[in-house]
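Take a look at the model below. This short report walks through one chain, then one residue, then a contact between chains.

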Amino acid sequence: MIRRILINILAPFLAVLLAFSVGAIVIYILGENPLFVYKILLINSVTKVDGWGYVLFNATPLIFSGLAVALAFKGGLFNIGVEGQIYIGAFACAWFGITFNVRPLIGIPMGLLFAMIFGGLWGVIAGYLKARFGAHEVINTIMLNFIAIALTNYLVNNPFKEPGQINPIPQTKELFSGFIIPRVYPLLNKLGINLSPSVPLNYTFFISILFCVIVWYLLERTRWGYEIKAVGLNPKASRYGGINPNYIIILVMFLSGALGGLAGVNDVMGYRHRFLDGFSRGTGFTGIAVALLGKNNPIGIVLASILFGILDRGALAMDVFTNTPRELIRVIQAIIIIFVAIGNELIFRLLQRLEREGE
Amino acid sequence: MIGGILSLELLISALRMSVPLTFASLGGVFSERGGVVNIALEGIMLVGAFGAVVGTYFTNNPWIGLLTAMSFGFLIAFIHAVVSITFRINQIISGTALNIMSAGLTTFLSRLIFKAAGSSPHIEGMVQWRFPGTNWQISPLIVIMFTVIIISQVVIFKTRYGLRLRACGENPYAADSLGVNVIMMRYSGVLISGILGGLGGAFLSLEHARVFVEGMTTGRGYIALAGMIFGRWTPLGSFSACFLFGLAEALRMRLEGFGIPTQFIQMIPYIVTMCVLIGVVGRAVAPAYDGIPFEK
């Protein structure tokens with residue numbers, strides 16, 4: 001057991017280290033000092049309070065998106081459609097946010113709920129098609145991503161476009177104040193932490209942590225969780241155990257899509273207070289990396305999201321203070337995914353061999 | 001208005017739109033017939049588009065650009081093959097990672113090489129071929145495309161190689177027991193898809209735009225996969241599907257001029273693919289071992 005835990009932590013750590021080494025070689029070839037570039041990356045993200053504020057702000061949607069992917073993984077499904085669920089969820093909560101003028105006590109839970117319901121229903125489309133027709137969820141969720149992007153692009157450009165808008169990117173009207181999730185700096189300032197008001201970190205971050213706990217509880221302490229994991233491990237065996245796998249597939253895609261929908265909340269309710277066309281920029285795909293790196297474990301997902309948050313924040317500084325284009329960070333992120341996946345597989349095989357020898 | 005939209009010009013435009021999709025789609029056929037899902041096609045097309053511009057930029061010869069595009073596509077496909085065939089990693093994960101990597105890498109290199117954000121300088125396009133004795137011109141890449149379609153159809157369904165490749169996608173264990181080298185066959189399928197995907201990307205930058213724009217494939221790799229499914233994993237079928245999708249795209253560009261919201265036309269390839277997958281428009285069945293790693 002201890003060996004297993006050690007390996008589970010060691011493997012992602014090594015993968016990250018290796019990916020950064022590859023990055024360092026690239027930076028060196030370009031004629032810059034890798035240590036200097038990496039120092040810049042870290043100084044602007046983790047040595048200052050504001051830097052941490054941005055890191056956690058960046059991490060928030062990734063936590064939701066990572067949870068969405070992980071939950072589907074547990075149920076044996078590959079939800080590559082989180083990106084689409086984000087757009088649909090975000091648009092739904094923006095739509096209600098510009099329609100109903102209610103108090104925050106009602107508005108915020110309502111916004112979250114609608115993001116979940118609509119994101120979830122968008123996920124259910126792929127789940128239903130899999131359960132009913134056996135259509136593979138990977139292709140369908142990819143297709144649904146593009147449909148979601150085109151659909152919200154239509155909505156925000158036509159019926160919901162803010163009248164007389166100046167911003168070149170199409171956007172909706174501003175949400176009613178009852179739907180706005182406040183920033184955390186007033187609270188932190190009271191606690192003596194000096195976070196500047198310009199940092200967009202808001203209470204959505206705490207909501208994301210809350211959902212980590214909820215997902216953990218669901219998977220480890222409830223009947224649904226048990227059934228989801230049973231279907232994920234072996235759908236045929238679970239059928240003999242009295243579980244209806246088709247029902248579980250639809251359930252998993254709803255829950256996963258709901259978490260995906262929540263990943264859009266940070267931007268809509270917590271930051272811009274409106275829906276911006278094309279705002280997500282791949283958060284749903286980064287969620288796959290987060291889930292892999294975090295080993296589908298809520299704590300691991302939070303840590304992986306924070307790492308990716310640091311990288312995103314540091315990337316900006318790299319552009320400003322070094323000659324290395326920030327896209328190097330995306331390359332490093334991709335290398336992390338590949339190395340983690342390979343590491344997982346190698347360790348899995350190693351453990352299998354050790355167990356066989358132990359018998 | 002209808003007369004202005006439906007014309008020979010529209011069909012030609014549809015054909016041009018379908019070229020990059022068709023190349024990538026044919027690549028998908030080779031990869032998936034061998035049993036490897038290749039969603040990295042999106043990234044492969046992107047590095048192909050980038051490679052074509054880089055090669056042409058430095059040599060002023062689009063044919064060198066074309067070669068560069070194919071070799072870049074080959075490289076990404078090679079990584080996909082190593083990760084998903086040799087290491088037996090989930091093919092979707094590998095493909096997703098490679099798509100992220102390709103997007104980052106092309107932007108990164110483009111900024112380094114061309115010292116500008118957003119796009120490269122304009123480059124020489126390909127010299128068009130002229131039909132003898134007429135004024136009709138055609139892009140050499142379109143000629144290549146039709147050649148590749150026919151060759152692929154023959155190779156996959158009429159040759160020993162094709163039979164073995166399909167066997168690896170339908171039942172690799174049976175193929176293995178008959179002495180077929182499954183690993184090698186799967187590698188070949190994926191690598192061919194890299195070369196073809198690279199060609200598809202090259203058409204985008206060499207013919208459509210004559211410039212590399214960051215992220216310029218905008219999901220065409222996925223549409224190509226959709227075309228492959230709609231075309232039931234056959235080269236001729238894939239081409240027909242891609243032509244249909246090309247027609248939708250050409251139509252969309254026309255209608256945009258009339259101020260009609262075109263997002264719903266944009267959705268057509270995706271919705272059609274979903275319908276095909278669930279059997280509304282004729283059932284499409286993937287190779288039985290498509291996406292499942294082979295372990296000897």
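Helices are DSSP runs of H or I with at least four residues, and strands are runs of E with at least two. The model is predicted. Chain B has 13 helices and 2 strands.

**The chain as a whole**

The C-alpha atoms of chain B fill a box of roughly 60 × 45 × 40 Å along the principal axes. How does the radius of gyration of chain B fit a compact globule, and why? A compact globule with 296 residues would have a value near 19 Å, and chain B has 19 Å, so the two agree. Of the 296 residues in chain B, 51% count as buried. Now take the contacts in chain B with a separation of 6 or more: residues 24 or more positions apart account for 75% of them.

**One residue**

Leu109(B) lies in helix α5 of chain B, which covers residues 91-114. Phe50(B) is 59 residues from Leu109(B) along the chain, yet their C-alpha atoms are separated by 9.2 Å.

**The contact between chains**

The contact takes 35 residues from chain B and 33 residues from chain A. On the side of chain B that touches chain A, the elements giving two or more residues are α5, α10 (220-230), α12 (263-266) and α13 (268-278). The largest share, 15 residues, comes from α5(B). The table sorts this side of chain B by class.

| Class | Residues of chain B |
|---|---|
| Nonpolar | 23 residues |
| Polar | 10 residues |

Notes
Residues numbered from 1 in each chain as written. Chains lettered and ligands numbered in written order. Predicted model: local features only at pLDDT ≥ 70, side-chain atom pairs only at ≥ 80, totals over all residues. Rg over C-alpha atoms; globule rule 2.2 N^0.38 Å. Buried ≥ 20, exposed ≤ 12 C-beta atoms within 10 Å, placed from the backbone. Contact = placed C-beta atoms within 7 Å. Nonpolar A, V, L, I, M, F, W, Y, C, P; charged D, E, K, R; others polar.
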